[in-house]
Amino acid sequence: MSFLYHTFVYDPLYNGLIFLMDVLPWADAGVAIVIFTIIVKLVLFPLSKKAVTTQLKMRKIEPELAEIKKDYKDDRQGYAQKTLEIYKKNGVNPFASILLILIQFPIIIALYKVFVSGFANINESILYSFVRVPEMINIHFLGLFDISGKSVVLAVLAGVSSFFQVKYSMPKPAAPTKGVEQMTKEERFKHDLTRTMSTQMRFMLPILAFVVSWTVSGAIAVYWITSNIFTIVQELVIRRSVAREEVVVGSK
């Protein structure tokens, strides 16, 4: 497993970052991380688009799913079959997001290790034959921040960008169609759980981003900021694309 991880994940990412810093001598290490993060995100874009599109479709069919859950509350098999029919009719693959997470998880870990290892001592033993060690590495991002150390400014930006990224990609849960006093015990529990989880995600992830960025190094913060901004722009582009497709389909 370790061999596969290094061969297909860590080593390619490590070589990619060192290669960028070599072929772009004008770019400091922080700029190289920004460019490198965008490249990785673009490679994963097809999967990300599928996952975001699935989430949008899932939100759209939520009322329909809630209705059949009510109709088939005592028939689990019937409920499962009807749910699959709705998924198929709307072109929804509920496992798309899970696949993206499974693929991204080892990449995120590898990127974390690449940035944590720093730039002072490059591991030449894992460099590919065509990758050269840069003659000089400028670790001052934009001439302002030493990304080999801690930066409270970058850590705060990582936390703030994480807040907006979560806020944009995870809108507040839809308001219940009936009052709390009219809900069953199960419906009230589900409503409270959804609201609590949404609130926690909105605030815990930004705090986590700040703490990790401040604890580790500015390099991690630069990666986190870039990743968050890219994700926000990506969501905007995908949502507009899905909206245009729905307009075209609706006009036929």
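A cavity here is a set of points, on a 1 Å grid over the protein atoms alone, where a 1.4 Å probe fits but cannot get out, and lining residues have an atom within 4 Å of a point. Grid points are joined across faces, edges and corners, and a volume is the space filled by probe spheres set on the points. The largest cavity comes out at about 40 Å³. This is a predicted model, where local features need pLDDT of at least 70, side-chain atom pairs count only at pLDDT 80 or more, and totals for chains, interfaces and linings use all residues. Residues are numbered from 1 along each chain as its sequence is written, and side-chain values use heavy atoms, with hydrogens and water left out.

**The cavity**
- Searching the whole structure turns up one cavity of 30 Å³ or more.
- Its lining is made up of M21, L24, P25, A27, A29, M136, I137 and N138.
- Sorted by class, that lining has seven nonpolar residues, one polar and no charged ones (Ala, Val, Leu, Ile, Met, Phe, Trp, Tyr, Cys and Pro are nonpolar; Asp, Glu, Lys and Arg are charged; the others, Gly among them, are polar).

- Helix α1 (residues 2-23) has 22 residues and reaches 29 Å between its end C-alpha atoms, close to the expected 32 Å (1.5 Å times one less than the number of residues).
- There's a kink of about 35 degrees at Y10, shortly before the proline P12; the bend is the angle between axes fitted to the seven residues ending there and the seven starting there.
- Buried residues of α1 include Y14, I18 and M21 (buried is under 20% relative accessible area, exposed over 50%, partly exposed in between, with a 1.4 Å probe and protein chains only).
- Helix α3 (residues 45-60) should span 22 Å, and its end C-alpha atoms are 22 Å apart, so the two agree.
- In α3, the buried set is S48, A51, V52, T53 and T54.

- I122 sits in the loop between α6 (96-116) and β1 (140-141), and it counts as buried at 16% relative accessibility.
- Leaving aside neighbours within four places in sequence, I122 is in contact (heavy atoms within 4.5 Å) with Y14, I18, L127, V133, P134 and I137.
- I122 and P134 are twelve residues apart along the chain, with 9.4 Å between their C-alpha atoms.

- S151, in the loop between β2 (145-146) and α7, is buried at 9%.
- Not counting residues up to four places away in sequence, S151 touches F145 and W214.
- V153 lies in α7 (residues 152-169) and is partly exposed at 41%.

Definitions and conventions:
Helix = DSSP H or I, 4+ residues; strand = E, 2+ residues; numbered from the N terminus. 1 Å grid on protein atoms, 1.4 Å probe; cavity = no way out; pocket = protein on both sides within 12 Å on 5 of 7 lines; lining within 4 Å.
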